[in-house]
Amino acid sequence: MSKDLLPIFNKDPKKLSLAEEALLFSVDEPSNGKMYILLEGQAEIVIGKYMVELAQPGAIIGEMGMIDQEPRSATVRCVTPCVFAEVDEKRFLNLIQQTPVFAMELLKGMAARLRRIDRTI
């Protein structure tokens, strides 16, 4: 993912702080209509028995649930204390329309994760 996104979200009023070992969400949980941008810390993204990513600041997390409203496809656990910006559907649509770098980073991130998962399995 990209640290280019951090300036867009650093002053975001909707921040979620989680402690080390806390879960952002678990596989099969219903999507809550939100996705997240990791602002601080590290979080692991786990699918089945595989850690597919150690997310760093700038990572987009939970975008699939935002897009298709399906249950979460992975578990996200904080490896360190983490701060996330919460993005609801209204803000997501605005970002896609108004911030081309966001849309491109979203697509790049999804493609990179898919390629990592393909190599893993």
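The legends below describe close-up views of a predicted model.

View 1

**View 2. Strand 4 between its two partners.** Strand 4 (residues 43-47) and strand 7 (residues 75-78) run antiparallel and are joined by 4 bridges, with valine 46 standing opposite threonine 75 of strand 7. Strand 4 is also joined to strand 5 by 5 bridges, again in an antiparallel arrangement, and here isoleucine 47 stands opposite tyrosine 50. The hairpin formed by strand 4 and strand 5 has 2 residues between the strands, and within this hairpin glycine 48 takes a positive phi near 60°.

**View 3. Glutamate 44, a buried residue of strand 4.** Glutamate 44 lies in strand 4 and has a relative accessible area of 16%, which is under 20%, and therefore counts as buried. Leaving aside neighbours within four places in sequence, glutamate 44 is in contact with Met51, Glu53, Leu54, Thr75, Val76, Arg77 and Val79.

View 4. Tyrosine 50 belongs to strand 5 (residues 50-55) and is partly exposed, its relative accessible area being 33%. Although tyrosine 50 and isoleucine 117 are 67 residues apart along the chain, their C-alpha atoms are separated by 8.7 Å.

**View 5. The largest nonpolar core and the surroundings of phenylalanine 84.** The largest nonpolar core holds 16 residues, of which Leu24, Leu38, Ile45, Ile61, Val76 and Phe84 touch the most other members. Two or more residues are given to this core by each of strand 2, strand 3 (34-40), strand 4, strand 5, strand 7 and strand 8 (82-88). Apart from neighbours within four places in sequence, the contacts of phenylalanine 84 include Lys14, Lys15, Leu16, Leu18, Leu24, Tyr36, Leu38, Ile61 and Cys78. A second, separate core has 15 residues, including Phe9, Ile60, Val83 and Ala85. In soluble globular proteins, nonpolar side chains tend to be buried together.

**View 6. The packing of helix 3 against helix 4.** Helix 3 (residues 89-98) and helix 4 pack at an angle of about 105°, and their axes are 5 Å apart. Because angles of 65 to 115 degrees count as roughly perpendicular, this description applies to helix 3 and helix 4. On the helix 3 side the contact consists of Phe92, Leu95, Ile96 and Gln98, which meet Pro100, Phe102, Ala103 and Leu106 of helix 4. Sorted by class, this contact has 7 nonpolar residues, 1 polar residue and no charged residues.

**View 7. Positive phi values at two loop residues other than glycine.** Glutamate 21, placed in the loop between strand 1 (15-18) and strand 2, has a positive phi of about 80° although it is not a glycine. With a relative accessible area of 49%, glutamate 21 is partly exposed. Aspartate 28 is found in the loop between strand 2 and strand 3, and its phi, near 75°, is likewise a positive value in a residue other than glycine. Aspartate 28 counts as exposed because its relative accessibility of 60% is over 50%.

Conventions: Residues are numbered from 1 along each chain as its sequence is written. This is a predicted model: local features need pLDDT of at least 70, side-chain atom pairs count only at pLDDT 80 or more; totals for chains, interfaces and linings use all residues. Side-chain values use heavy atoms; hydrogens and water are left out. Buried means under 20% relative accessible area, exposed over 50%, partly exposed in between (1.4 Å probe, protein chains only). Two strands pair if DSSP finds at least two bridges between them. A nonpolar core is a set of buried Ala, Val, Leu, Ile, Met, Phe, Trp, Tyr and Cys residues joined through side-chain atoms within 4.5 Å. Contact means heavy atoms within 4.5 Å. Axes are lines fitted to C-alpha atoms, for helices over the stretch in contact, and angles run from 0 to 180 degrees between N-to-C directions. Angles under 35 degrees count as roughly parallel, over 145 as roughly antiparallel, 65 to 115 as roughly perpendicular and the rest as oblique. Ala, Val, Leu, Ile, Met, Phe, Trp, Tyr, Cys and Pro count as nonpolar, Asp, Glu, Lys and Arg as charged, and the others, Gly among them, as polar.
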